[in-house]
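Reader: I am new to this structure and would like to learn how to read it. Could you take me through it feature by feature?

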Amino acid sequence: MCSSDLKGKSRAQTTPKKPKKKKPQSLPGDRKSPEISSSIRPIYPKAALNNNWEGDIRVEFTINDKGIVSDYKVLKSTGFEALDASFIRTVKQHYKFKPRRIMGKNKSGKIKLKYRFSLGD
């Protein structure tokens, strides 16, 4: 090649490109959502026992970056405030959570939990 052949070509065309290193999308130990690390069964309220109340509850809990419940939203109620309150209180006071983790850093996240209050148990 003579120097006149190189005039129209840029340096990038004559040197090979270095492959770009891809940044990792996640790290070992990352979690897409919070996880339960320990739990207990809720207490069956006395009023519910006396009145044969049963039902299913579904709740979406917000878990902060420290693994503590910071908020909740009832998605499906049992229909009995005493049962709902017993489950929510149990989760807030006794459940332990591992927070959501992205790229090695704890973040707040949401987890949906359900429980069935049944006198047959």
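Author: We will go from the overall layout to the sheet, the core, the aromatic rings and a few single residues.

Author: First, some ground rules: this is a predicted model, in which local features need pLDDT of at least 70 and side-chain atom pairs count only at pLDDT 80 or more, while totals for chains, interfaces and linings use all residues. Residues are numbered from 1 along each chain as its sequence is written, and side-chain values use heavy atoms, with hydrogens and water left out.

Reader: How many helices and strands does the protein have?

Author: Helices (H or I, at least four residues) and strands (E, at least two) are DSSP runs, numbered from the N terminus. Here there are four helices and seven strands. Reading from the N terminus, their order is α-α-β-α-β-β-α-β-β-β-β.

Reader: What share of the residues is buried?

Author: With a 1.4 Å probe and protein chains only, buried means under 20% relative accessible area, exposed means over 50%, and partly exposed is in between. Of the 121 residues in the protein, 26% are buried. The accessible surface (Shrake-Rupley method, 1.4 Å probe; for residues, only the protein chains shown count as cover) comes to about 9200 Å², and carbon and sulfur atoms supply 50% of it.

Reader: Now the sheet, please. In what order do the strands of the open sheet lie?

Author: Strands of a sheet pair through backbone hydrogen bonds, either parallel or antiparallel. Two strands count as paired if DSSP finds at least two bridges between them. In this open sheet, three strands follow the order β3-β2-β7, with antiparallel pairing. The edge strands, β3 (69–76) and β7, each pair on one side only. On average, neighbouring strands of this sheet are turned by 25° against each other, direction ignored; axes are lines fitted to C-alpha atoms, for helices over the stretch in contact, and angles run from 0 to 180 degrees between N-to-C directions.

Reader: How many bridges join β2 to β7?

Author: Nine bridges join these two strands, and Ile 63 stands opposite Gly 109 in β7. Strand β2 (residues 55–63) pairs with β3 over six bridges. Across that pairing, Thr 62 faces Asp 71 in β3, and Glu 60 faces Lys 73 in β3. The hairpin of β2 and β3 has five residues between the strands, and there Gly 67 takes a positive phi near 85°.

Reader: Which helix lies across β2, β3 and β7?

Author: That is helix α4 (residues 81–94), which runs at about 35° to β2. As for β2, seven of its nine residues are buried.

Reader: Which residues of the largest nonpolar core touch the most other members?

Author: A nonpolar core is a set of buried Ala, Val, Leu, Ile, Met, Phe, Trp, Tyr and Cys residues joined through side-chain atoms within 4.5 Å. The largest one holds 17 residues, and Phe 61, Phe 87, Val 91, Phe 97, Leu 113 and Phe 117 touch the most other members. At least two residues of this core come from each of β2, α4 and β7. Contact means heavy atoms within 4.5 Å; not counting residues up to four places away in sequence, Phe 61 touches residues including Val 69, Tyr 72, Phe 87, Val 91 and Leu 113.

Reader: And how many aromatic pairs are there?

Author: A pair of aromatic rings is described by the distance of the centres and the angle of the planes. Rings of Phe, Tyr and Trp (its six-membered ring) pair if their centres lie within 6.5 Å; planes under 30 degrees apart count as stacked, over 60 as edge-to-face and the rest as tilted. By this rule there are seven aromatic pairs. Tyr 44 and Phe 117 form an edge-to-face pair, 5.4 Å centre to centre with 85° between the planes. Tyr 44 lies in the loop between β1 (35–38) and α3 (46–50) and Phe 117 in strand β7 (residues 109–117), so the pair ties together parts 73 residues apart in sequence. One aromatic cluster is formed by Tyr 44, Phe 61, Tyr 72, Phe 87, Tyr 115 and Phe 117.

Reader: Last one: is Thr 90 buried or exposed?

Author: Thr 90 counts as buried, at 7% relative accessibility. This residue lies in helix α4. Also in helix α4 is Arg 89, which is partly exposed at 44%.
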